[in-house]
Amino acid sequence: MRQNPAETLRRVLPKVREVLPVAGVEMQLTAAVSLLTILQEESISIHTYSHSFLHIILQNLQHRDAGVSNAWLETLLAAIEALPKETIRHEILNPLVSKAQLSQTLQSRLVSCKILGKLANKFEAHIIKREILPLVKSLCQDVEYEVRSCMCRQLELIAQGIGTELTKNVVLPELVELARDEGSSVRLAAFETLVNLLEMFDADDRSQTILPLVKSFCEKSFKADESILVSLSFHLGKLCNGLYGIFTPEQHLRFLEFYKKLCTLGLEQENGHNDNQVQLQTLEQEKKYISVRKNCAYNLPAMMVFVDPKNFNLDLYSTFFCLCHDPEVPVRHTMAIGFYEVAKLLNTDVYVIHKELVALLQDESLEVLDALIGYLPEILELLSTGGESGGAESKLLNFPELIPALTRAEQRAATSLKWRTHEKLLQKYACLPHVISSDQIYYRFLHRMLSIIMTNNVLPVQKAAARTLCVYLRYNRKQEQRHEVIQKLIGQLGQGKSYWNRLRFLDTCEFIIELFSKSFFCEYFFLPVLELTHDPVANVRMKLCYLLPKVKLTLKVPTDKHLLQQLELCVRKLLCEEKDKDVLSIVKKMVLELDRMETSLDAFQKRFYENDLLDQQKEREEHLLLEMEQLEKEKQQNEGRSTSMSDKIYEKKRRDSKASTTLAKNIPISVSGNASGASTSKEVKKSKLVRSQSFSSQALHSKYGNIDKCPSKSSSTGYTSVSTVGKTSVFTFADDSFRPHSSNPSGTASASTLPSSSRNASNSVDQKNNGSKESHSRKVSLKNRKSNS
């Protein structure tokens with residue numbers, strides 16, 4: 001049919017028609033799938049399709065094998081969507097009247113039910129009322145419970161086709177009658193259809209008709225009709241919220257208690273709370289109860305909306321606790337999947353569930369951990385900010401047991417055979433710089449990532465650890481720690497004895513190019529990468545060749561002209577000296593690509609504007625991290641100096657208490673001047689540190705997936721415009737605390753317009769002068785003592 005439809009229809013189709021009536025099950029199934037594929041691919045027009053294949057489909061619907069009949073029915077239902085109304089009416093609807101009669105076979109009546117459900121959306125309401133609804137009523141009253149159940153499940157589609165008014169007058173009475181049917185499967189179908197159609201009924205129908213039925217279902221579910229229990233537990237959240245407006249306070253409490261009872265179903269006997277239980281649960285009952293509790297875990301967010309999240313601690317926390325500690329893995333797995341929804345609903349009260357988060361992180365089943373880490377970054381962010389957007393201060397410090405739980409979770413994933421869970425966990429741990437301090441990451445997580453890169457045997461896990469390590473390095477706030485990690489990356493990976501480690505070094509460099517500024521890569525990693533052109537292993541040189549285009553993109557001329565020359569020299573050496581034919585082939589390809597590439601300039605270019613702006617933002621944030629570290633050091637030094645200075649003053653006063661009154665008066669005057677200068681310097685630097693910390697908390701607040709995106713608000717970054725003059729970037733800052741150190745010694749005389757570096761310099765000079773004055777006063781006091789003696 002794809003290659004030559006006309007000849008296929010003329011020559012092949014007659015043979016198919018001849019063979020199918022006597023064909024076996026496999027050939028029938030293959031034919032049904034083939035005709036469905038032809039329909040979906042639109043190989044021929046729908047008119048030709050109906051003329052050629054519709055008769056074949058209808059003829060085989062009544063096949064004695066149920067599997068074959070269902071396959072042909074699936075093809076027919078798909079065809080109904082595309083066929084014109086007139087064809088459907090003459091070829092399908094009219095014959096359906098006779099096939100839906102009680103005299104037809106059970107299989108024929110079941111097929112008729114499903115076709116009627118599909119036809120409801122193809123015709124106008126008056127045609128459905130006149131020609132389809134009589135058949136629907138007849139099948140709802142069929143003597144076989146399978147037919148009644150099948151027709152009941154199609155009533156939802158029919159109700160959508162006939163509208164609200166006819167649904168209320170025709171469909172609802174049938175549903176009420178089917179809800180009281182003697183067959184449990186019929187009652188179950190009626191209950192589920194009622195829940196799905198809840199929005200189509202008004203408040204009167206809900207309160208007078210549906211609510212009594214639901215109450216009856218709930219009462220019978222524990223006594224005589226356990227078959228509906230699993231379905232009831234699955235739809236309970238939707239049911240409670242759908243009927244919320246008509247509940248009295250007593251009914252509201254009654255349904256809440258019913259939900260709580262379902263959450264512990266099957267556990268009372270295990271815990272010894274039900275002494276009247278004589279028989280042991282059968283295996284089938286136990287499975288049913290596990291399904292009920294699993295459905296309750298699924299419905300917990302909906303029940304939180306039902307009781308109002310503000311009342312969670314009072315009404316649902318004990319239930320939440322029980323479900324998180326349920327003895328069955330499927331229940332805890334469902335709780336882990338929905339944990340983020342619960343945390344979102346709690347908002348500022350999210351702290352109440354942190355113990356359950358720790359419990360799920362330490363769960364003995366890795367399936368539970370795998371389900372939990374899907375939304376782990378969002379959960380940790382909610383906990384760290386207390387549910388408040390834009391919180392500047394992390395609140396995870398209030399939960400000291402959480403960080404050990406995170407480390408143990410990673411170790412358990414590492415020792416298991418489920419490497420995909422381990423990879424996923426490492427990827428999600430890249431969110432930690434946004435929620436815990438840089439020191440905690442350095443001492444608890446960063447070295448672990450380096451160890452995984454060097455010792456783990458699974459490549460995706462190693463790459464995930466490498467990327468997360470680069471994220472940690474990106475937001476580390478201590479230069480000494482950064483340099484230590486960089487040296488380890490170069491020494492243990494880039495210059496490691498194992499070629500596998502050197503390959504991982506190149507992977508890490510690729511992530512560094514992605515996450516860091518161009519200048520950072522050029523400063524620390526450019527030359528170590530080029531050294532690998534002399535690597536004795538061909539695979540390392542081959543991987544390096546593939547990385548060279550990205551390496552070249554990090555260069556800016558004329559600033560990095562010497563590095564560009566080094567790169568060109570290394571490429572020439574590879575071309576001349578490479579002996580491995582595979583590597584040489586890749587080198588030649590990369591040379592052509594490198595020649596086509598243009599090196600970016602120091603100044604902005606229109607073609608690279610977005611990339612240059614993003615790189616400049618990264619570079620600015622890296623400089624700000626350095627400046628923040630320097631400010632913190634200066635703050636600590638100033639605090640130490642002020643303390644030591646006050647001690648010295650006290651000692652002087654004590655020693656010079658017998659000195660002359662003139663000297664005794666002069667010393668306090670000079671000291672008070674020093675103290676005021678020190679306090680002024682301290683206040684200025686304290687304000688700068690506060691502003692820098694404010695920038696840090698906002699700049700590092702981006703998600704893991706958007707880790708490199710620039711903040712758009714000038715208030716968060718502290719700058720108002722960026723311009724480039726020649727080779728030097730000039731930033732115009734809205735706040736003096738973020739001005740770069742001025743290289744021009746001549747500045748304006750106004751103190752309010754001095755850059756922060758000038759202020760720092762003047763403060764340091766004042767401290768030196770104060771120190772010299774102090775030593776001078778000591779010399780004077782010693783001379784006076786000698787003269788007195």
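**View 1. Aromatic pairs in the predicted model.** The count of aromatic pairs in this predicted model comes to 19. One of them joins phenylalanine 312 and phenylalanine 320 in an edge-to-face arrangement, with 5.7 Å from centre to centre and 70 degrees between the planes. Phenylalanine 312 has a relative accessible area of 1% and is therefore buried. Phenylalanine 320, at 0% relative accessibility, is likewise classed as buried. The ring of phenylalanine 320 also pairs with that of phenylalanine 339; the centres are 5.9 Å apart and the planes stand at 45 degrees, so this pair is tilted. Because phenylalanine 320 belongs to helix α18 (residues 317-324) and phenylalanine 339 to helix α19 (residues 329-346), the pair ties together parts that are 19 residues apart in sequence. Phenylalanine 339 is buried too, its relative accessible area being 1%.

**View 2. A cluster of aromatic rings.** Seen here are Phe505, Phe516, Phe520, Phe521, Tyr524, Phe525 and Phe526, which ring pairs link into a cluster.

View 3. Helix α28 covers residues 499-515 and contains 17 residues. The distance from its first C-alpha to its last is 25 Å, close to the 24 Å expected at 1.5 Å a residue. Of the 17 residues of α28, 13 are buried, so the helix is largely enclosed by the rest of the structure. The N-terminal end of α28 is capped by serine 498, which places a side-chain oxygen 3.2 Å from the backbone nitrogen of tryptophan 500.

**View 4. Helix α7 and its kink.** Helix α7 runs over residues 125-140. A straight helix of 16 residues would span 22 Å at 1.5 Å a residue, whereas the end C-alpha atoms of α7 are only 19 Å apart. A kink of about 45 degrees is found at isoleucine 132, shortly before proline 134. The buried residues of α7 are Ile127, Ile128, Ile132, Leu133, Leu135, Val136, Leu139 and Cys140. Among the elements that cover these buried residues are α5 (85-99), α6 (106-119), α8 (145-162) and α9 (164-179).

View 5. Threonine 554 is placed in the loop that lies between α31 (538-553) and β1 (556-557). Is threonine 554 buried or exposed? Its relative accessibility is 3%, so threonine 554 counts as buried. A polar atom of the threonine 554 side chain is 2.5 Å from the backbone oxygen of valine 551.

**View 6. Confidence along the chain.** The protein chain has a mean pLDDT of 80, and 76% of its residues reach 70 or more.

Terms used. Residues are numbered from 1 along each chain as its sequence is written. Side-chain values use heavy atoms; hydrogens and water are left out. Helices (H or I, at least four residues) and strands (E, at least two) are DSSP runs, numbered from the N terminus. Buried means under 20% relative accessible area, exposed over 50%, partly exposed in between (1.4 Å probe, protein chains only). A polar contact is a pair of N or O atoms within 3.5 Å; within protein, one must be able to donate a hydrogen and the other to accept it, and residues adjacent in sequence count only if both atoms are side-chain atoms. pLDDT is the predictor's confidence in each residue, from 0 to 100. The expected span of a helix is 1.5 Å times one less than its number of residues. The bend at a residue is the angle between axes fitted to the seven residues ending there and the seven starting there. Contact means heavy atoms within 4.5 Å. Rings of Phe, Tyr and Trp (its six-membered ring) pair if their centres lie within 6.5 Å; planes under 30 degrees apart count as stacked, over 60 as edge-to-face and the rest as tilted.
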